[in-house]
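I opened the notebook to look up one residue and the fold around it. These are my entries, in the order I made them.

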Amino acid sequence: LAESAQAATKKEAGGLHRIAGCVLLNDLSLPHASYYRPPIKFRNRDGFLGCGPALQTLPSLDSLVLEVRINGESVQRVELSTLVRDAATLLRDVSEFTTLQAGDVLMLGTDCLADGTRPRAKAGDRIEISAPDFAPLVNTLVEDAA
């Protein structure tokens, strides 16, 4: 986000023009029971946030469709137009309680499938996330050396 992102988000649609760009992210977590308040130990682990290879200019987020494939099989399709809050509203809402700075990242999407479960992958699986006009983000899971 540009330096003046905080001021730009005061208007409903005014904040999106301040976004530097978009990148695909693969936000992995360990399986856990609590969707809304998972313990930190299941998220935010080293290597658990795959990041796409290149920043893209801001597409029309409301029409963007993400697809997730595991070992070549489609397991999830996310239409950003179906999210509870659109990107402009989320940006405005978040900026009301936190100060956004240049370089901050705001994640948009969902890990829930239509039935309330989440896609599952295991060591050795190849995960690919794609969207129109983005280079695919590909991660292969490896066993923890522990």
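I first wrote down what buried means: a relative accessible area under 20%, with exposed over 50% and partly exposed in between, using a 1.4 Å probe and protein chains only. By that rule D125 is buried, because its relative accessible area is 6%.

Before going on I noted the source. This is a predicted model, in which local features need pLDDT of at least 70, side-chain atom pairs count only at pLDDT 80 or more, and totals for chains, interfaces and linings use all residues. Residues are numbered from 1 along each chain as its sequence is written, and side-chain values use heavy atoms, with hydrogens and water left out.

**Confidence**

I looked up pLDDT, the predictor's confidence in each residue, from 0 to 100. The chain has a mean of 78, and 73% of its residues reach 70 or more. Confidence is lowest in helix α1 (residues 5-8), at a mean of 42, and highest in β5, at 94.

**Layout**

I counted elements as DSSP runs, numbered from the N terminus: helices are H or I of at least four residues, strands are E of at least two. The chain has two helices and six strands, in the pattern α-β-β-β-β-α-β-β. Of its 146 residues, 32% count as buried.

**Around D125**

Where does D125 lie? I found D125 in the loop between α2 (87-95) and β5 (126-130).

I then listed contacts, meaning heavy atoms within 4.5 Å. Leaving out residues up to four places away in sequence, D125 touches I70, N71, N139, T140 and L141. L141 is 16 residues from D125 along the chain, yet their C-alpha atoms are separated by 5.6 Å.

For polar contacts I used pairs of N or O atoms within 3.5 Å; within protein, one must be able to donate a hydrogen and the other to accept it, and residues adjacent in sequence count only if both atoms are side-chain atoms. The side chains of D125 and N71 make such a contact at 2.8 Å. A polar atom of the D125 side chain also lies 2.8 Å from the backbone nitrogen of K122.

**The sheet**

I took two strands as paired if DSSP finds at least two bridges between them. Four strands form an open sheet, ordered β4-β3-β5-β6, with antiparallel pairing. Its edge strands, β4 (73-79) and β6 (137-140), each pair on one side only. I checked β5 and β6, which pair over four bridges in the antiparallel sense. There I129 stands opposite L137 in β6.
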